[in-house]
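My entries follow in the order in which I looked things up.

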Amino acid sequence: MRALLVCLVLACGLPASAQILLRANEAPPTTISAEAPQKLPRHTAVLNDHGKEAHFEGVLLRDLLQKNGVPVANKLRGKQLATYVSTLATDGYQVVFALAEFDPSITDGDILVADKRDGRPLAATEGPLRIIAPHDKRAARSLKMLREIDVVQLTNVEHR
Ligand SMILES: Nc1nc2c(c(=O)[nH]1)N[C@H]1C(S)=C(S)[C@@H](COP(=O)(O)O)O[C@H]1N2
Ligand SMILES: [Mo]
């Protein structure tokens, strides 16, 4: 793939099993063990789970990206607007977000990587980590059993 590829597998104030993986182009993935867990602010979000409210807690995906060298702080421009964030679950489910969805000057940018539901750690059927996209009308992008996050910047080579 002719795209700059950065892959992050998560940790950061999140379950101990989490670790960070960085990958650029076809280079072998680099795993960085979370020896010094990053202290990120905790956030909450409410998800409409088939008509029932579920309360989740975790860290902002935006903060996690920022902390791992993907700038999403504010007012993205240029190639940053041609960058996507692909999330992959252990069951193969995959959801793509635009990087701009994490820019607070464009959206509320409050998509979570959650590790708690109604105050308790997530069950194995949805955890240990789950994406929560609280403003979506359906929970389809709220990917369960999160395994990887790839940040991919498109290049003009791919435009045809
Ligand atoms: N890993 C994973 N996450 C997923 C899904 C899935 O199949 N696998 N389904 C999505 C869909 S379509 C919905 S509506 C919500 C809730 O799915 P559930 O009703 O199976 O809990 O999870 C989302 N996250
Ligand atoms: Mo769904």
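I started with the contacts of aspartate 63, taking contact as heavy atoms within 4.5 Å. With neighbours within four places in sequence left aside, aspartate 63 touches Leu40, Pro41 and His43. I note that the model is predicted, so local features need pLDDT of at least 70 and side-chain atom pairs pLDDT 80 or more, while totals for chains, interfaces and linings use all residues. Residues are numbered from 1 along each chain as its sequence is written, chains are lettered from A and ligands numbered from 1 in the order in which they are written, and side-chain values use heavy atoms, without hydrogens and water.

I placed aspartate 63 in helix 1, residues 61–67. Helices here are DSSP runs of H or I with at least four residues, strands are E runs of at least two, and both are numbered from the N terminus.

I then looked up leucine 129, which sits in the loop between strand 9 (120–121) and strand 10 (130–132). Leucine 129 counts as buried because its relative accessibility is 5%. Its C-alpha is 8.1 Å from that of arginine 147, a residue 18 places away in sequence.

Next I listed the surroundings of ligand 1 (a heavy atom within 4 Å). They include His50, Asp91, Tyr93, Arg130, Ser142 and Lys144.

I checked polar contacts of ligand 1, meaning pairs of N or O atoms within 3.5 Å. An oxygen atom of the ligand lies 3.5 Å from a polar side-chain atom of histidine 50. For arginine 130, a side-chain N or O atom is 3.3 Å from an oxygen atom of ligand 1. Serine 142 brings a polar backbone atom to 3.1 Å from a nitrogen atom of ligand 1. On its own, ligand 1 has 520 Å² of accessible area (Shrake-Rupley method, 1.4 Å probe), and the protein covers 68% of that.

Last, I took down the chain totals. The chain has 1 helix and 11 strands, and 41% of its 160 residues count as buried.

Methods: Buried < 20%, exposed > 50% of the residue type's maximum accessible area, 1.4 Å probe, protein only. Polar contact = N/O pair within 3.5 Å; in protein donor to acceptor, adjacent residues only side chain to side chain.
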